[in-house]
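Here is a short tour of a single protein chain, written for someone who likes to have the coordinates open alongside the text. Please load the model and follow along.

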Amino acid sequence: MTPAILFLEKQNAAFTLYQYDCTAQDDFGAHAAEQLGVPLARVFKTLLTEGEQGAVVALVPSSGKVNLKRLAKAAGVKKLEMMPPQKAERLTGFKVGGISPFAQKKRLTTVIDASASEHDTVLVSGGKRGLSVGLSAQEIARLLKAVCAPIAE
């Protein structure tokens, strides 16, 4: 089990585990949605951003991208930019394509796109490629003390 799954179990979180064959080299969200037979808008990607005030995690649907200005506003910081993949891996302890919002090396400010609330559950990475977990937006927000805001476009 990954650190993310162990974290969820320790927190007694209500989640469903999804495993699939991961052969993608990029666009992991689209690959997961296709493999699992779920709408792309329900598969959320974990993106790492950074600014002068530190790092911020954005959870957005794989069908879109993050609006950095809206994310910065929701996180209460001035300006954010995308974090280089290698730095995101070092900061979180997970590999790109398997970066989970749960059990990262350090708890970071996290913002979930408001569209997550439109679904009973959304899928996020379970901590490695080919492993996703399904949870409600409310459960994700509770576990991560995350903010919910319209940050995707």
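## Overall fold

Let's start with the whole chain, which is a predicted model. The protein has five helices and eight strands. Reading from the N terminus, the elements follow the order α-β-α-β-β-α-β-α-β-β-β-α-β. With a radius of gyration of 14 Å, close to the 15 Å that the globule rule gives for 153 residues, the protein is as compact as a globular protein of that length.

The C-alpha trace spans about 40 × 30 × 30 Å along its principal axes. Of the 153 residues, 50% are buried. Contacts across the sequence are well represented too: among contacts with a separation of 6 or more, 63% are between residues 24 or more positions apart.

## The five-stranded sheet

If you colour the strands, you can trace an open sheet of five, ordered β4-β2-β3-β5-β8, with mixed pairing. Its edges are β4 (81–82) and β8 (147–149), each of which pairs on one side only.

Two of the pairings in this sheet share β5. On one side, β5 pairs with β3 in the parallel sense over four bridges, and L59 stands opposite I112 of β5. β5 also pairs with β8, again in the parallel sense, over three bridges; here V111 has V147 in β8 as its bridge partner. β5 is mostly covered, with four of its five residues buried.

β7 is another strand worth a look.

β7 has antiparallel pairings with β1 and β6. Strand β1 (residues 16–19) pairs with β7 over four bridges in the antiparallel sense, and T16 stands opposite G134. β6 and β7 run antiparallel and are joined by five bridges, one of the bridge partners being L131 in β7 for K128. Two residues lie between the strands in the hairpin of β6 and β7, where G130 takes a positive phi near 90°.

Nonpolar side chains tend to be buried together in soluble globular proteins. In this model the largest nonpolar core has 28 residues, and the members that touch the most others are L8, F102, L135 and I140. At least two residues of this core come from each of α1 (3–10), β2 (44–51), β3 (54–61), β6 (122–128), β7 (131–135) and α5 (137–144).

Not counting residues up to four places away in sequence, L8 touches A13, F15, F102, V133, L135 and L143. Another core lies apart from the largest one; it has 14 residues, including V56, V60, A72 and V77.

## One face of α5

Which residues of α5 are buried? They are A137, E139, I140, L143 and L144. Down the axis of α5, these buried residues fall within an arc of 160°, so they line one face of the helix. An α-helix has 3.6 residues a turn, so residues three or four places apart point the same way.

The cover over the buried residues of α5 includes α1, β3, β5 (109–113), β6 and β7. After α5 comes K145, which has a positive phi near 50°.

## A buried asparagine in a loop

Finally, zoom in on N67, in the loop between β3 and α3 (68–75). Is N67 buried or exposed? Its relative accessible area is 14%, and because buried means under 20%, N67 counts as buried.

A polar atom of the N67 side chain lies 3.0 Å from the backbone nitrogen of K69. Beyond its neighbours within four places in sequence, N67 is in contact with I151 and E153.

Methods: Residues numbered from 1 in each chain as written. Predicted model: local features only at pLDDT ≥ 70, side-chain atom pairs only at ≥ 80, totals over all residues. Heavy atoms only, no water. Core = buried A, V, L, I, M, F, W, Y, C linked by side-chain atoms within 4.5 Å. Buried < 20%, exposed > 50% of the residue type's maximum accessible area, 1.4 Å probe, protein only. Contact = heavy atoms within 4.5 Å. Arc of directions from axis to C-beta. Pairing = 2+ DSSP bridges. Polar contact = N/O pair within 3.5 Å; in protein donor to acceptor, adjacent residues only side chain to side chain. Rg over C-alpha atoms; globule rule 2.2 N^0.38 Å.
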